[in-house]
Amino acid sequence: FRLIFIGCAAGFLWFGLYDSIFVTIPRIADGQQLAVTMEATDYSYQTDYGCAIEAKVVFNDREYRVKSYLHSKESIAPGDAITGIFRFRVTTDGGAEDVTHHRSEGIFLLAYPVGQTVIEKATEISWEHYPAIWRHELLARINTLMPGEIGAFASALLLGDRSGITYEMNTAFKVSGISHIIAVSGLHVTILFSLVYLFSGKGRVLTTVFGIPILGVFAAVAGFTPSVVRACIMQGLMILGLLLKKEYDPPTALSFSVLVILLINPMTVTSVSFQLSVGCMLGIFLFSGRINRFLLRILRSPK
């Protein structure tokens, strides 16, 4: 009980420190109209009234992630600069109807333009924008090779992009109970690791040299979603255990991955994706053995 108490106390302490350090400035900007220049970090997508874009903005020499809803239909790419007057809204305060899911993604501000905005195309691309560019190019290639519903399914299956999934298709997945297939998570990371392990000749050193960087790139291209980050950290620990000839302990790996994710952003605990990912792994650890033994008894019992 002491360890549980200490762990909870440390968690609440870090949550308070994180809130005071990283969310104070967004709260100050809440409701204000400020002239700023944002740098797009992803590609824009169309909305009913224009487009939406994820970007970063600098306040008091510190970068903050922001999601902006523009009136323009112009396509925006990573690295493009967006200049104008914006009304900001914080994503972490207010009642239950005001708090948005963006806080679990590390986005603490929403921005709405007041008047016209100026979009300046990037002349140079920073290395940090390449994962978004690779994801965009992969999705474009998939949709070119497999147009229609097949391409939409492949995009969701490989990269977790559900923008092309229709309501009917999504409902069919939910009714059949296989909706998790189009949610990039441990299944996809395991398949990726299996391919790396196979092509590296099942060598411990080669698997580590190629496996860990590939996991990092895959997590970046997939958008660093909580379920993907959790799976990649656990798979990375498995690779390190293989290299060092140490026993891999799944519950410890899960605990470590959760600790790392919540250290980076404790608001991730509010993400349904994160909760389901961790909950599913706990269910596997706690009940898979019992279910397996129960099914084996049924199969082996005389008819």
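Me: What makes β3 and β4 a pair of strands, and which way do the two run?
Reply: In this predicted model, 9 bridges join β3, residues 50–59, to β4. Two strands pair if at least two bridges are found between them, so 9 bridges meet the condition. The two strands run antiparallel, and E54 has K67 in β4 as its bridge partner.

Me: What lies between β3 and β4 in the hairpin?
Reply: The hairpin has 2 residues between its strands. N60 sits in the loop between β3 and β4, and D61 lies in that loop too.

Me: Why does D61 count as exposed?
Reply: The relative accessibility of D61 is 80%. Exposed means over 50%, so D61 qualifies. N60, with a relative accessible area of 64%, is exposed by that cut-off as well.

Me: Which strand does β4 join in parallel, and by how many bridges?
Reply: β4 is joined to β6, residues 107–120, by 4 bridges, and these strands run parallel. With at least two bridges needed, 4 is enough, so β4 and β6 count as paired. V66 stands opposite L109 in β6.

Me: Why does Y64 count as buried?
Reply: Y64, in strand β4 (residues 62–70), has a relative accessibility of 5%. Buried means under 20%, so Y64 is buried.

Me: With which residues is Y64 in contact, leaving aside its neighbours within four places in sequence?
Reply: The contacts of Y64 are I21, F22, I25, P26, A55, K56, V57 and F59. Each has heavy atoms within 4.5 Å of Y64. S104 is 40 residues from Y64 in sequence, and the C-alpha atoms of the two are 14 Å apart.

Me: How many aromatic pairs does the structure hold?
Reply: There are 8 aromatic pairs. One of them is Y130 with W134, at 6.0 Å centre to centre and 35 degrees between the planes.

Me: Why is the pair of Y130 and W134 called tilted?
Reply: The centres are 6.0 Å apart, and the limit for a pair is 6.5 Å. Y130 and W134 are 4 residues apart in helix α3 (residues 130–145), so about one helical turn separates them. Y130 is partly exposed at 36% relative accessibility, and W134 is partly exposed at 41%.

Me: Why is the pair of F193 and Y197 called stacked?
Reply: F193 and Y197 lie 5.7 Å centre to centre with 15 degrees between the planes. The distance is within 6.5 Å and the angle is under 30 degrees, so the pair counts as stacked. In helix α6 (residues 186–199), F193 and Y197 are 4 residues apart, which means about one helical turn.

Me: Is F193 buried or exposed?
Reply: The relative accessible area of F193 is 13%, which is under 20%, so F193 is buried. Y197 has 25%, which falls between 20% and 50%, so Y197 is partly exposed.

Me: Which residues form one aromatic cluster?
Reply: The cluster consists of W14, Y18, F22 and F108. F22 is also among the contacts of Y64.

Me: How many disulfides does the structure hold?
Reply: The structure has 0 disulfides. For C280, the nearest cysteine sulfur is that of C232, 17 Å away. A disulfide needs two cysteine sulfur atoms within 2.5 Å, so C280 is in none.

Me: Which residues of helix α4 are buried, and against what do they pack?
Reply: The buried residues of α4 (residues 149–159) are G151, A152, A154, S155, A156 and L159. These pack against α3 and α7. Just after α4, G160 has a positive phi of about 75 degrees.

Me: What supplies the largest share of the lining of the second largest pocket?
Reply: α1 supplies the largest share, 8 residues, of a lining of 14 residues. G7, C8, G11, L259 and L262 lie nearest the centre of this pocket. Helices α1 (2–22) and α9 (250–264) each supply at least two residues of the lining. The space in the pocket is about 490 Å³.

Notes:
Residues are numbered from 1 along each chain as its sequence is written. This is a predicted model: local features need pLDDT of at least 70, side-chain atom pairs count only at pLDDT 80 or more; totals for chains, interfaces and linings use all residues. Side-chain values use heavy atoms; hydrogens and water are left out. Buried means under 20% relative accessible area, exposed over 50%, partly exposed in between (1.4 Å probe, protein chains only). Rings of Phe, Tyr and Trp (its six-membered ring) pair if their centres lie within 6.5 Å; planes under 30 degrees apart count as stacked, over 60 as edge-to-face and the rest as tilted. On a 1 Å grid over the protein atoms alone, a cavity is a set of points where a 1.4 Å probe fits but cannot get out, and a pocket is an open set with protein on both sides within 12 Å along at least five of seven lines; lining residues have an atom within 4 Å of a point. Grid points are joined across faces, edges and corners, and a volume is the space filled by probe spheres set on the points.
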